[in-house]
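Q: Please show me how to read a protein model, one feature at a time.

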Amino acid sequence: MKFQGTKDYVATDDLTVAVNAAVTLERPLLVKGEPGTGKTELAKQVATALGLEMIEWNIKSTTKAQQGLYEYDAVSRLRDSQLGEERVHDVGNYIRKGKLWEAFQKDKKVVLLIDEIDKADIEFPNDLLQELDKMEFHVYETGETIRAKHRPIIIITSNNEKELPDAFLRRCFFHFIQFPDAETLQTIVKVHHPDIKEQLLTTALTQFYEIRDTPGLKKKPSTSEVIDWLKLLLSEDLSPEDLKREGANLLPKLHGALLKNEQDVHLFERLAFMARSGR
């Protein structure tokens, strides 16, 4: 069971090594990197490449670790008992299975994506340590122990919004997705836009990297944003000459695909003003 990337996902050598190492060690793969560098998509492509089902657990700021195991609906059971419902005698009717339980009970190995773990409370990763280690957990309401039939391939993503606990990090295989160099990004773009002309691609990517490297930029545009931008350029049938940025036109064409806050738009407007003033 080896991951080598797919026709729809360009995986660098170090990324494929990380995925296969995590699979071999049977440890969660913790993937960090800038937003938009393909962390979530990686899990989907690993599942596709290995022919496995994927279960996705999207983490929010309000998500608790217990929700990944199960939730007990005591309120519904109390209400049903007051109404004399027959189902109240089976506590299992009020247990809602979480994503880990779902992954553990599958008859075949699956890929379990725990997406954006850093959005949750700082205690969230620690609360999952034992379950991810032992691949089992106890359901106190029913007295049963749920054990994984097959250890899932676990991929955990983080945007580095907060530090993760050392005890959690020790149990993971770690990989940071570097922002792709120009050659790799060209390959990625051609997967999404195979008919793009070389001159337009070269001009657009040169401009894209210039924008990313602009001092003072608050949010650098990502891989997913350059793909969207190129889609717009192609739909508008723009030529390399149309992309020229000089004097008052320092803002890139269709800049809303690349610049995502007013500070960065104002930065390029100030640069254009300074260029007009000859400063």
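The dialogue below takes the features in turn.

Q: What kind of model is this, and how are residues numbered?
A: This is a predicted model: local features need pLDDT of at least 70, side-chain atom pairs count only at pLDDT 80 or more, and totals for chains, interfaces and linings use all residues. Residues are numbered from 1 along each chain as its sequence is written, and side-chain values use heavy atoms, with hydrogens and water left out.

Q: How do I read a nonpolar core, and which residues have the most contacts inside the largest one?
A: In soluble globular proteins, nonpolar side chains tend to be buried together. A nonpolar core is a set of buried Ala, Val, Leu, Ile, Met, Phe, Trp, Tyr and Cys residues joined through side-chain atoms within 4.5 Å. Buried means under 20% relative accessible area, exposed means over 50%, and partly exposed is in between (1.4 Å probe, protein chains only). Here the largest core has 30 residues. Leu 100, Phe 124, Phe 137 and Phe 168 have the most contacts inside it.

Q: Which elements give two or more residues to this core?
A: Elements are DSSP runs, numbered from the N terminus: helices are H or I with at least four residues, strands are E with at least two. The helices on the list are α3 (65-69), α5 (99-104) and α7 (129-134). The strands are β2 (53-58), β5 (110-115), β6 (136-139) and β8 (153-158). The largest share, four residues, comes from α5. There is also a second, separate core of 25 residues, which includes Ile 188, Ile 211, Leu 230 and Phe 268.

Q: What does Phe 168 contact, leaving aside neighbours within four places in sequence?
A: Contact means heavy atoms within 4.5 Å. By that rule Phe 168 is in contact with Ile 117, Pro 125, Asn 126, Leu 129, Leu 132 and Ile 156.

Q: Is Leu 128 buried or exposed?
A: Leu 128 counts as buried, at 0% relative accessibility. Find this residue in the loop between α6 (124-127) and α7. Leu 128 touches Trp 57, Ala 65 and Leu 100, not counting residues up to four places away in sequence. Gln 66 is 62 residues away along the chain, yet its C-alpha atom is 8.3 Å from that of Leu 128.

Q: Which residues form a nonpolar patch on the surface?
A: Patches are made of residues with over 30% relative accessible area and no salt bridge; like charges are joined within 9 Å, and nonpolar side chains (Val, Leu, Ile, Met, Phe, Trp, Tyr) within 5 Å. Areas come from the Shrake-Rupley method with a 1.4 Å probe; for residues, only the protein chains shown count as cover. Here Leu 271, Phe 273 and Met 274 form the patch, with about 250 Å² of accessible area together. Met 274 sits in helix α12 (residues 262-277). Its relative accessible area is 38%, so Met 274 is partly exposed.

Q: How many salt bridges does a search of the whole structure find?
A: A salt bridge is a side-chain nitrogen of Lys or Arg within 4 Å of a carboxyl oxygen of Asp or Glu. The search finds 14. One of them joins Arg 96 and Glu 71 (3.2 Å, N to O). Arg 96 lies in strand β4 (residues 95-97) and Glu 71 in strand β3 (residues 70-72), so the pair ties together parts 25 residues apart in sequence.

Q: Where are Arg 171 and Asp 133?
A: Their side chains meet in a salt bridge (2.8 Å, N to O). Arg 171 is in the loop between α8 (166-169) and β9 (173-177), and Asp 133 is in helix α7, 38 residues apart. Arg 171 is partly exposed at 26%, and Asp 133 is partly exposed at 37%. Elsewhere, salt bridges that share partners join Lys 219, Glu 225 and Lys 260 into one network.

Q: Is Asp 80 buried or exposed?
A: Asp 80 counts as buried, at 7% relative accessibility. Its side chain meets that of Arg 87 in a salt bridge (3.0 Å, N to O). Arg 87 is partly exposed, at 39%.

Q: In which sense do β6 and β7 pair?
A: Two strands pair if DSSP finds at least two bridges between them. β6 and β7 (residues 144-147) pair in the antiparallel sense over four bridges. His 138 stands opposite Thr 145 in β7. The hairpin has four residues between the strands, and Gly 143 takes a positive phi near 80 degrees.
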